[in-house]
Amino acid sequence: MAIWFARSRSLVSSLRQNLGLSAILIKRDYSPRPIISKSFLGPVTSHRHESTAVEKHPDLVQPSDEEDVLELDFPGGKVGYTSEMKFIPESTSHRVPCYRVFDKNGRIIPNSDFIPVSEKLAVKMYEQMATLQVMDHIFYEAQRQGRISFYLTSVGEEAINIASAAALSPDDVILPQYREPGVLLWRGFTLEEFANQCFGNKADYGKGRQMPIHYGSNRHNYLTVSSPIATQLPQAAGVGYSLKMEKKNACAVTFIGDGGTSEGDFHAGLNFAAVMEAPVVFICRNNGWAISTHISEQFRSDGIVVKGQAYGIRSIRVDGNDALAVYSAVRSAREMAVTEQRPVLIEAMTYRVGHHSTSDDSTKYRAADEIQYWKMSRNPVNRFKKWVEDNGWWSEEDESKLRSNTRKQLLQAIQVAEKWEKQPLTELFNDVYDVKPKNLEEQEVGLKALVEKRPEDYPPGFHV
Amino acid sequence: MAGLLGRLSRRSSFPVSGHGIRMFSTVEHVSENGKSMNLYSAINQALHIALETDPRSYVFGEDVGFGGVFRCTTGLAERFGKSRVFNTPLCEQGIVGFGIGLAAMGNRVIAEIQFADYIFPAFDQIVNEAAKFRYRSGNQFNCGGLTIRAPYGAVGHGGHYHSQSPEAFFCHVPGIKVVIPRSPREAKGLLLSSIRDPNPVVFFEPKWLYRQAVEDVPEDDYMIPLSEAEVIREGSDITLVGWGAQLTIMEQACLDAEKEGISCELIDLKTLIPWDKEIVETSVRKTGRLLISHEAPVTGGFGAEIAATIVERCFLRLEAPVSRVCGLDTPFPLVFEPFYMPTKNKILDAIKSTVNY
């Protein structure tokens, strides 16, 4: 950038002499401004000049002592020399292993390294996973019946949702992608509140402005979902930095999918968090598919976990369908983030058992038996259920009671949410700014008059 | 009340705004109107005040730690510490995204984009995130503490990527404010208002004027209200509307027109969205003619919005078509810059043809 400036200045200057432009330019001073350019270029050019000089005259920098032979003293620190011309391979001979605690039948593998959970916590985790399943099922059906416009399930990713939430402190600030409603559920967002958002009614905190599943709650330190992918990652670095400056015993926790790691904001978020030494836990749900794009079409690396080191970020790959492994990894990552004031990256290996959303039919691009395998053999909820059952903490009676009660509560919530009126029309114009500016006041007056004139053109249920 | 601008390199020739509190100081070189300083120093003073008056305020961006490539952040890191004033990685989307997160936690955030030409990697963060943060959450969250500063506009030798005026892109985005100051005094007061405004603001600084524009600037903490335009030169035959560095060129055209017996009224819009339609409307009702001038390409420029609005409001009062004297619809060119620019004489000719329509 600075080089361009220097060149362009001299180019303009020489052209002006050649073309006699100075006469034309008299009215506006186009001549180079030595003061601006000096300060603008000063520190940059002097650096460049030094390094260029060294490059051109390698014979002038003969090593004078032992240290010069062994190390390159670079602004970023000392780097050892080698005479071997060796490229770093594009991958390691073995893929980064996936940390797990459970075997596929929900039995703890002997000598596993994990953080124990109490009966009470384990039961709550299981209950919440099952509740999330029921919620997904009923909202999905409600969309299919045309009662809500859109839905997106977390099927197959219940363990990541609930176990990560269980491992965090309520003060940790969540910046979700969109397939993490379980974190909000864990924090106490009620089924009624979920329903109100999906129906965009008067009780929706988002005032009916966003599509279903775009939940948010300041009470629960859960920033409102936005559809753009990965935008929350650099924001998480900023949130983490604020917590650091305020010396809070909390971190930022942000979620992303495998597809999202291809976005520039993934790079921006990880790099900023690393450089700013911000307490941020990045949780990537690597579920194999970004809508219809398979991970083989997304990147060539060994998944996401290996990217951490390139940013100077500690990272771990974990079985995302193993609730105890997710819980242990997230809790440890959270402790490191807060006590050591650093970011940590977790890649949770999982599978999106449901379609991307209700607008998608995933059987068009992936094998039914692949879905079936993950749905049955790798089911994270069943696996955790076996463990709580084996411990004698959960029975079939508990199971049917929970599912039946949750179902009833949800159907009731949907019925109520559906009947609530919408936000009044004035909410269309509020919150664009803190105070409504004149143009919006005028547009509001104009629109209200129009609605009164032609009510048949507008949907019912809005208070004008 | 408007002062004579003359050549930009001359001192103290800027129109003096009625805003701001008069300073009474015993420091040398300080008049009752404040201390004589250039635009980057006025920005620097505003940043000092912002950091001083709010312990939860931050200044960051590429190269701001040592004072910035335009020196606007000189002395801030030394005074307020490197945890509040710091360099960031070279990544505009990261700078704005980080700023949104920091602002969402209730901090006052002043993020610098080194040149407005490089703001586009951050466009998604500004348009889809910052601008909608409050609205999409039903006012549960906001990032209103965020101000994005970026030097914009021609500088005589900047070519494609050190000269652009991208304000119109941002004027199409409900939820942010766009502010552009014309002089040191205005820059300080408007920047402090932007920083303290509870909405995200994109603040474009006329880099041509960083060193060239010098005027008395009150040294105290004062603010100039947003969304209030100002008549900086009164006249009766035609209304001229502009913002930022272009006003200096427009003022010269007004002076030349005056010699030919044409009385021009010149308005500094200051805030482009939400903009002060009333002051422009009132002026055009008086003069019956309107000319808008900006450096950005004419097609889709903010001048089009002003023209359309005034035609709607003042159709029967207009005595000539609304005139736009703007940049050409080309990329900003290097050696052709003198041809591209909306120069004084282009404006003067447009004034005359509009008045004689």
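**Close-up 1. The annotated Dehydrogenase E1 component domain of chain A.** In an unreviewed UniProt entry, the domain annotation "Dehydrogenase E1 component" covers residues 128-423 of chain A. The model shown is predicted.

**Close-up 2. Helices α5 and α14 of chain A.** The axes of α5(A) (residues 119-144) and α14(A) (residues 380-390) come within 10 Å and cross at roughly 150°. Angles over 145 degrees count as roughly antiparallel, so α5(A) and α14(A) are roughly antiparallel to each other. Their crossing is left-handed. From α5(A), the contact uses A122(A), V123(A), M125(A), Y126(A), M129(A), A130(A) and Q133(A); from α14(A), V381(A), F384(A), K385(A) and V388(A). Of these contact residues, 9 are nonpolar, 1 is polar and 1 is charged.

**Close-up 3. The open sheet of chain B.** Here 7 strands of chain B run in the order β4-β3-β5-β6-β8-β7-β13, with mixed pairing. β4 (85-87) and β13 (271-273) of chain B are the edge strands; each has a single partner, so one side of each lacks a neighbour in the sheet. On average, neighbouring strands are turned by 20° against each other, direction ignored.

**Close-up 4. Strand pairing and helix packing in chain B.** β5(B) (residues 108-112) and β6(B) (residues 146-152) pair in the parallel sense over 4 bridges. A111(B) has I148(B) of β6(B) as its bridge partner. Helix α1(B) (residues 39-53) packs on the sheet, touching β3, β5 and β8 of chain B; its direction makes about 135° with that of β3(B). Helix α7(B) (residues 184-196) also packs on the sheet, touching β5, β6, β7 and β8 of chain B. The direction of α7(B) makes about 165° with that of β8(B).

Note on methods. Residues are numbered from 1 along each chain as its sequence is written. Chains are lettered from A and ligands numbered from 1 in the order in which they are written. This is a predicted model: local features need pLDDT of at least 70, side-chain atom pairs count only at pLDDT 80 or more; totals for chains, interfaces and linings use all residues. UniProt positions are given in the numbering used here, feature names are shortened, and annotations may be inferred rather than shown by experiment. Axes are lines fitted to C-alpha atoms, for helices over the stretch in contact, and angles run from 0 to 180 degrees between N-to-C directions. Helices (H or I, at least four residues) and strands (E, at least two) are DSSP runs, numbered from the N terminus. Angles under 35 degrees count as roughly parallel, over 145 as roughly antiparallel, 65 to 115 as roughly perpendicular and the rest as oblique. A crossing is left-handed if the near helix is turned anticlockwise from the far one by less than a right angle, and right-handed if clockwise. Two residues are in contact if their C-beta atoms, placed from the backbone, lie within 7 Å. Ala, Val, Leu, Ile, Met, Phe, Trp, Tyr, Cys and Pro count as nonpolar, Asp, Glu, Lys and Arg as charged, and the others, Gly among them, as polar. Two strands pair if DSSP finds at least two bridges between them.
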